[in-house]
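Good morning, and thank you for coming.

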Amino acid sequence: MCYRLGFIEGPDPMQTVRVALAQIAPKLGQIAPNLDTHEETIAKARREKAAVVVFPELSMTGYLLRDQVQDVALTLKSPAFRRLVRASRGIDVIAGFVEEAAGHTFHNAAAYLSKGRVVHVHRKVYLPTYGMFDEGRDFAAGEVVRAFPTSHGTSGILICEDAWHPTSSWILAQDGAEILFVLSSGPTRGTKPKRGITSVEVWHDLLRATAQFQTSYVVYVNRVGFEDGLNFGGGSVAIDPFGREVAGLAGLTPGLTVAELDAEALRRARTVYPLLRDEKIELVHRETLRLREKKFLLPPARKTGRR
């Protein structure tokens, strides 16, 4: 759906939408029971009159897969994936899975499903290989960050580490995204008296800043549960473009909550803080080319012009 103004086409503006945050504990390497959990949760979200339900990173498989990656990988035509697509006929679904792509490469991916079809697939771009993380061993990195249209407004998906690189959310916002969906399998790290899990608090700080700088809604869904001694923190939250929490879930325990994302709040934020309007894309382009030449010791690009 598009509107036309003179010679300019663009997506329809965001509509107020109810989004369900599905904070689940996937079973490691077990597609069938995880698919059952998705279908049960989708049914519950529909009863709550949500229009979109969002699951965590790798919600169909669990996180610490290691040598199981190829065994649980799905193509877009796999029976289990098609069953999940069918479940989106009455409500939009965002879920994480291992995608087997052409050439038998495997991606940590997330799909946006709507009305029984695949709208968009995002492949995690930034694969952490530090501390307790070793994703670069098992997955191929994605190479694309794109916004996409939905019936509720233009959206974008990031997967966990992607959100820690500010250019990811910046690109999505510049590409038209009004809602940023962030799927995560974030483990717990540290606690503070009366302040809870340190890692959840740090995530919330990041998400508030992202929402404000990009004047966009941010919907963050993190998993819970245990895998091989690793505890996942939860703390899923929806944040409006002013950095205010719309709805959230406590840490450590499974749950479902619904956040109403008000289109008027987005309009007000982008009117009061016209950061996206005033962004200098051409300046960023020029300086990025300069930095690229500097980093990779490339010769300066030739200047072309007409005589």
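This is a predicted model: local features need pLDDT of at least 70, side-chain atom pairs count only at pLDDT 80 or more; totals for chains, interfaces and linings use all residues.

Helix H1, residues 31–47, packs with helix H3, residues 79–86, at an angle of about 5°, and their axes are 10 Å apart. With an angle under 35 degrees counting as roughly parallel, H1 and H3 are therefore roughly parallel to each other. Which residues make the contact? From H1 come Ile-31, Leu-35, Asp-36, His-38, Glu-39 and Ile-42, and from H3 come Ala-80, Arg-83 and Leu-84. Sorted by class, the contact of H1 with H3 has 5 nonpolar, 1 polar and 3 charged residues.

I turn now to the salt bridges. How many does the structure hold? The number is 14. In general terms, side chains of opposite charge can pair when their charged atoms come close.

One of these pairs is Asp-228 with Arg-66, whose side chains meet in a salt bridge at 3.4 Å, N to O. Asp-228 lies in the loop between strand E13 (224–227) and strand E14 (230–233), while Arg-66 lies in the loop between strand E4 (52–54) and helix H2 (69–72), so the pair ties together parts that are 162 residues apart in sequence. Is each partner buried or exposed? Asp-228 is exposed, with a relative accessible area of 65%, and Arg-66 is partly exposed, at 43%.

Another salt bridge joins Arg-137 and Asp-67, with the closest N and O atoms 3.2 Å apart. Here Arg-137 sits in the loop between strand E7 (117–123) and strand E8 (155–159), and Asp-67 sits in the loop between E4 and H2, so this pair ties together parts that are 70 residues apart in sequence. Arg-137 counts as partly exposed at 49% relative accessibility, whereas Asp-67 counts as exposed at 53%.

The side chains of Asp-278 and Arg-277 also meet in a salt bridge, at 2.7 Å, N to O. Asp-278 is partly exposed at 42% relative accessibility, and Arg-277 is exposed, with a relative accessible area of 65%.

The next topic is a sheet. What is the order of its strands? This open sheet of 5 strands runs E8-E9-E12-E15-E16, with mixed pairing. The edge strands are E8 and strand E16 (245–248), each of which pairs on one side only. From one strand to the next, the twist averages 15°. Within the sheet, E12 and strand E15 (residues 237–239) pair in the antiparallel sense over 3 bridges, and Ala-238 in E15 is the bridge partner of Val-219. Helix H5, residues 198–213, lies across strand E9 (179–184), E12 and E15, and runs at about 25° to E15.

I close with one residue of this region. Val-218 lies in strand E12, residues 217–222. Is Val-218 buried or exposed? Val-218 is buried, with a relative accessible area of 1%. Leaving aside residues up to four places away in sequence, Val-218 touches Leu-180, Val-182, Leu-207, Thr-210, Ala-211, Val-237, Ala-238 and Ile-239. By contrast, Arg-189 is 29 residues from Val-218 in sequence and 22 Å from Val-218 in space, C-alpha to C-alpha.

Note on methods. Residues are numbered from 1 along each chain as its sequence is written. Side-chain values use heavy atoms; hydrogens and water are left out. A salt bridge is a side-chain nitrogen of Lys or Arg within 4 Å of a carboxyl oxygen of Asp or Glu. Helices (H or I, at least four residues) and strands (E, at least two) are DSSP runs, numbered from the N terminus. Buried means under 20% relative accessible area, exposed over 50%, partly exposed in between (1.4 Å probe, protein chains only). Axes are lines fitted to C-alpha atoms, for helices over the stretch in contact, and angles run from 0 to 180 degrees between N-to-C directions. Angles under 35 degrees count as roughly parallel, over 145 as roughly antiparallel, 65 to 115 as roughly perpendicular and the rest as oblique. Contact means heavy atoms within 4.5 Å. Ala, Val, Leu, Ile, Met, Phe, Trp, Tyr, Cys and Pro count as nonpolar, Asp, Glu, Lys and Arg as charged, and the others, Gly among them, as polar. Two strands pair if DSSP finds at least two bridges between them.
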